[in-house]
Amino acid sequence: MKQLSSIHTGCGIGLKPCHYEEILQRKPELSFLEIHPENYMVEGGLQLYYLEKIRHHYPISMHGVGMSLGSAQGVDDQHLDKLCHLVKNTSPALVSEHLSWSHGQGAYFNDLLPLPYTEESLQLLKSNIHKVQDKLQRNILVENPSTYITFANDELSEQAFLRTLCEQTGCKLLLDINNVFVSTSNHQQDPRAYLAQYPFEYVEEIHLAGHSVYPLVDTKTIRIDDHGSEICDDVWQLFSEFFPNCKTAIPVLIEWDTNPPELDVLLQQAETAKKILHNSFR
Amino acid sequence: MLSKTQTLFGETILELPDLELPDLKQADLELSDSEQDDLEQADLQQTNKQQLLKLLQHYSQEEAAARIAIYKNNFYRSLIDILLDTFASIHQLIGSKHFEYLAKQFISQQPPTNPSVALYGANFPAFLAIQELSQQLPYIADCASFDWALHCAYYKKDAAPIAAEEFLEIDPQQLMQCQLEFHPATQLLQSNYSIFSIREFLNSNEQAEQIHFDEPETVLICRNQYKVEHYVVEAASGIFINYLMQHANLEQAISDTMAQCAEFNPSQAIGFLIQTQCIITIQGVK
């Protein structure tokens, strides 16, 4: 029996229903598969059937989009219970969430909404992360989001905010290099300057994804993190340059959520990432 | 402060958009005339959006509004797509433009309350029932309930059906005193409209005038392992299945059905239930 409760290194892809059968038949060489746990918080049916089969062949990473770690009203107990149940049944190698909020006023906004990086937000995030980690009895990874606004009352940089969270809660980081590129571009910042200040010592997973560019106002453009295309050259370049900053070879995920392509397209992207990864840690 | 910021942000996102929301493109990221008017009235009317814009004072008002519009667009677009997937027959019946118009209002009035959005839209049929559109298309809410029942059946708890032989092994007199437990995915829809025929029509090339929309039809939705299936059933069988689902024993269900429909054929109805594999337990066998 393979040891599936940890991922030492290598590349994975997001697990999509359109690829369930093909993955089981071909069993491509991947270090792990990643799911959004919210899609599996159901009573039964085909998704849970396939997850159960597939998890015996690949380590699973659970990448949540609904915990709303930044909600001023705290995390939702019911949602946390559901995640805890799924984690117990599935034994994922990694559990991650986002530095964002999505729940408030009784509504769930189905998006990763931005937070002001203030001392107040920091205290709130610490409390919510502690609650999640205590319930799950494990550390979670927190991902830097793609953002389209910054707040005038920001007191800390995103990197300093993340570092403090790690120091004070024991959480680790999921570094999304596409999000770094998208956010810094949207806020007229230099992604290399951002990454130079990033606390790589806490990184335990990397995400790579595609995004789109749209006009904003006047001649300005905005990058939107839609996970619906191949990874762009700029993001590959940043990955090559900064991956060696990680303390060791860590898992790298190819994310593609919108209109997923043929499995082979994802496997090709994973191959490209693998080459960079191997060159970095020879 | 954070709580107030999130309230302002949330309320701004939830506000019913004035914009048409077709596929994300340039138009979605630009201000509509009405949004522009709002901004010009900033000193007169402190809307949520304008209070929020104060927190984003490092942008021009126009740019801040365009940036917030991305979040608003993500919210509406993603949920419209979920409703489109779930209520595909309503989309076919009324077309994209009308569907999105109604979906936006529904989302604004009844946003999701939890992150498992795969099961968002439970109240969409009831919402459709009170729209003006349902006066022209009185069957639309029932068609939406049909879509919803099919959708939910995929996610219900797994259960193994009992085999036909198990029925045969039970003494017929004893069987009459038993209750039948249905697979959790099983649902019975009794409509005053031809919901099954309408669905068949939408999946075929038939002409609309060949369908009599206002003939009552009963539909049974089952899940055979992981495959969701649906059957049109005779009115009498529908009444019988309904009694069984309300936990009547077989004898009582047959007797009550026959009192309403003299032509009811119990053997045929029980045979049909066994064939659809929707019975998972025979309760009361000694």
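A polar contact is a pair of N or O atoms within 3.5 Å, where, within protein, one atom must be able to donate a hydrogen and the other to accept it, and where residues adjacent in sequence count only if both atoms are side-chain atoms. With that rule in mind, and remembering that this is a predicted model, begin at the interface of chain B and chain A, across which 18 residue pairs are in polar contact, both residues being at pLDDT 80 or more.

Next, select α1 (2-14), α2 (26-29), α5 (61-86) and α10 (140-155) of chain B, each of which supplies at least two residues of the side that touches chain A. The largest share comes from α5(B), with 11 residues, and by class this side of chain B has 24 nonpolar, 13 polar and nine charged residues.

Now pick Lys220(A) and Glu63(B), which form a salt bridge whose closest N and O atoms are 2.6 Å apart; the rule finds one salt bridge across this interface.

To see the whole interface, show the 46 residues of chain B that are in contact with 50 residues of chain A. The two chains bury about 4,200 Å² between them, 63% of it on carbon and sulfur atoms, and Leu2(B), Tyr71(B) and Pro115(B) supply 17% of the area that chain B buries against chain A, more than any other three residues.

Finally, move to α14 (residues 235-245) and α16 (residues 266-276) of chain B, two helices that pack at an angle of about 65° with their axes 10 Å apart. Residues making this contact include Phe240(B) of α14(B) and Phe272(B) of α16(B), and by class the contact has seven nonpolar, one polar and no charged residues.

Note on methods
Residues are numbered from 1 along each chain as its sequence is written. Chains are lettered from A and ligands numbered from 1 in the order in which they are written. This is a predicted model: local features need pLDDT of at least 70, side-chain atom pairs count only at pLDDT 80 or more; totals for chains, interfaces and linings use all residues. Side-chain values use heavy atoms; hydrogens and water are left out. Contact means heavy atoms within 4.5 Å. Buried area is the accessible area (1.4 Å probe) that two parts lose on being put together, summed over both. A salt bridge is a side-chain nitrogen of Lys or Arg within 4 Å of a carboxyl oxygen of Asp or Glu. Helices (H or I, at least four residues) and strands (E, at least two) are DSSP runs, numbered from the N terminus. Ala, Val, Leu, Ile, Met, Phe, Trp, Tyr, Cys and Pro count as nonpolar, Asp, Glu, Lys and Arg as charged, and the others, Gly among them, as polar. Axes are lines fitted to C-alpha atoms, for helices over the stretch in contact, and angles run from 0 to 180 degrees between N-to-C directions.
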